[in-house]
Amino acid sequence: MTPKLDPVPTPPERSQSVQTSPTESSTLSIPKLRSDIRGRVIAPEDQDYDAARTVFLGGVDDRPAVIVRVADATDVATVIAVARETGLELAIRSGGHSSAGHSVCDGGIVLDLHDMKALDIDVDGRTAWAETGLTAVEYSTATAAHGLATGFGDTGSVGIGGITLGGGVGYLVRKHGLTIDDLLAAEVVTADGELLGVDAENHPDLFWAIRGGGGNFGVATRFKFRLHEVPSVVGGMLMLPATAEAIAGFIRAAEAAPEELSTIANVMPAPPMPFLPAEEHGKLIIMALMVYAGETEAGQRALAPFRALATPVADMLKPMPYPEIYPPEGEDYHPLAISRTMFVDRIDLPVAESIVAHLDASDAAMRVAQLRVLGGAMARVPSDATAFAHRDSRIMVNVATFYEGPDDHDRREAWVEDFVALLRQDDDGAYVNFLADEGEDRIRAAYPGSTWDRLAGIKARYDPDNVFRRNQNIPPATGA
Ligand SMILES: Cc1cc2nc3c(=O)[nH]c(=O)nc-3n(C[C@H](O)[C@H](O)[C@H](O)COP(=O)(O)OP(=O)(O)OC[C@H]3O[C@@H](n4cnc5c(N)ncnc54)[C@H](O)[C@@H]3O)c2cc1C
């Protein structure tokens, strides 16, 4: 189970000339970095600098001093050492989808795992070692060739690095749990440049922390995942008119459905999709993305109650290979979006009515309440078994709106905040991977009670100087 590790030179061996005292920071030398790194070093004068600093979220215009596309764990250790020696901020990037813009930084160093995409599938053993530059769709397409899958999220271009470290809530969540529930081991380069093999027996504290604690503890270079047999699924997109009755009915049906079925219901204005009649564009719909991971006939039976809620605006549910749930994405899509995440206990008719009313009250080009019924395998894991503590949460709600620019940002943000206040019930937790830049209280909501204290203690052990701080940060416990 313990991964075989290549020795990683400790940072001082590779960078003798740079000082290590935080009070005597050395200056960043791009030529030296270029000679020390096996991967690519991209500086502001390079042609692809602008493309390399672009992240998924629109409106992020940070200009890092350098972007290092690392080739291996040794490169990772070198970059961490340079960040420490120069005192520059260090951003870690896997798929670049951070909702808080954490995958890039202004004036600092971006450690980009994009080129680390090796995938080693053990078909008989039902496991895979995956480098963390892979995206969800790249991993899923390769494993589907063997009829196997590990669950990630709803979007193919999300990096397996970020989604796994935060938890991972996707189309297999009720059947197989969170992504971290299939994480068997990892390789992590820590703040002092050491490459650790981490699993239930080796560094179990770190293994607990990286299953939900985000990028606080080191740079994960490889993950070992459990693979499930998912030869095909029944699923895809179902669009229903978004009446309050249909929304409440959808949630009831999703809660009553077999665990093979996981659903994501986006209540939003119908986008101008070519297959929709023009008169539907802009009307509120439930755009549901659904996956039944099991046998086709049983899947059709499980989907029938949803189809019966109303005459569908579009019904694209069908048997298909699992990765087809990830449609092609435009590389130039960088939405200006404001989002918030929360958990709720119920979406009954009155709650559904308030969702419709609040969406109707905005004229933003895109506005959405995304409703994900949880439970199933995810809820059977004890809350303290990993750093993801929200096992009992029943429904995750993400609300979001597009804005056009600085002029309408504040009123769109106020609409989002009002939406959250309107929907708030008793569960005040938060899922770290959907947090925007919302301050310490919300990070603490992601790690309630003893989870926070335990994480802060582990942080003090593995990253006492908080080198990994450009994230939903858990500062090291003092006196630990
Ligand atoms: C369009 C969209 C759809 C999404 N859908 C889902 C979903 O269905 N389910 C779900 O659970 N989440 C979802 N998310 C949230 C997503 O899981 C997080 O934004 C996640 O952090 C993105 O991972 P990334 O590697 O792409 O992002 P990055 O921006 O590259 O990474 C985010 C952060 O994770 C840390 N990190 C990333 N890789 C590493 C690494 N190898 N080692 C150490 N730290 C690392 C860093 O702190 C970094 O700042 C979605 C996000 C977007 C934008």
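**Helix 4 and its ends**

Me: Which residue caps the N-terminal end of helix 4?
Reply: Look for a side-chain oxygen that reaches a backbone nitrogen: here one lies 3.2 Å from the backbone nitrogen of Thr 74. Helices are DSSP runs of H or I with at least four residues, strands are E runs of at least two, and both are numbered from the N terminus. The cap is Asp 72.

Me: What kind of model is this, and what pLDDT do side-chain atom pairs need?
Reply: Residues are numbered from 1 along each chain as its sequence is written, and side-chain values use heavy atoms, with hydrogens and water left out. It's a predicted model: totals for chains, interfaces and linings use all residues, local features need pLDDT of at least 70, and side-chain atom pairs need 80 or more.

Me: How far apart are the end C-alpha atoms of helix 4?
Reply: Helix 4 covers residues 73–86, so there are 14 residues. The expected span is 1.5 Å times one less than the number of residues. For helix 4 that should be 20 Å, and the model agrees: 20 Å.

Me: How many residues of helix 4 are buried?
Reply: Buried means under 20% relative accessible area, exposed over 50%, and partly exposed in between (1.4 Å probe, protein chains only). Helix 4 is largely enclosed by the rest of the structure, because its buried count is 13 of 14.

**The ligand**

Me: Which helix gives the largest share of the shell around the ligand?
Reply: The shell has 33 residues (near means a heavy atom within 4 Å), with Ser 94 and Asp 154 among the closest. The largest share, four residues, comes from helix 6.

Me: Which side chain has an N or O atom 2.6 Å from a ligand oxygen?
Reply: A polar contact is a pair of N or O atoms within 3.5 Å; within protein, one must be able to donate a hydrogen and the other to accept it, and sequence-adjacent residues count only if both atoms are side-chain atoms. The side chain with the 2.6 Å pair is Tyr 431.

**Two loop residues**

Me: Which residue's side chain makes a 2.7 Å polar contact with Thr 150?
Reply: Thr 150 sits in the loop between strand 7 and helix 6. Its relative accessible area is 1%, so Thr 150 is buried. A polar atom of the Thr 150 side chain lies 2.9 Å from the backbone oxygen of Arg 226, while the 2.7 Å side-chain partner is Tyr 139.

Me: What distance separates the C-alpha atoms of Ala 100 and Gln 472?
Reply: Ala 100 is in the loop between strand 3 and strand 4, and counts as buried at 14% relative accessibility. Contact means heavy atoms within 4.5 Å; leaving aside neighbours within four places in sequence, Ala 100 is in contact with Leu 435, Ala 436, Asp 437 and Gln 472. Ala 100 and Gln 472 are 372 residues apart along the chain, yet their C-alpha atoms are separated by 8.4 Å.

**One more helix**

Me: Which helices do the buried residues of helix 11 pack against?
Reply: Helix 11 runs over residues 349–360, and its buried residues include Val 351, Ile 355 and Leu 359. Their packing partners include strand 13, strand 14 and strand 18, and the helices are helix 9 and helix 12.
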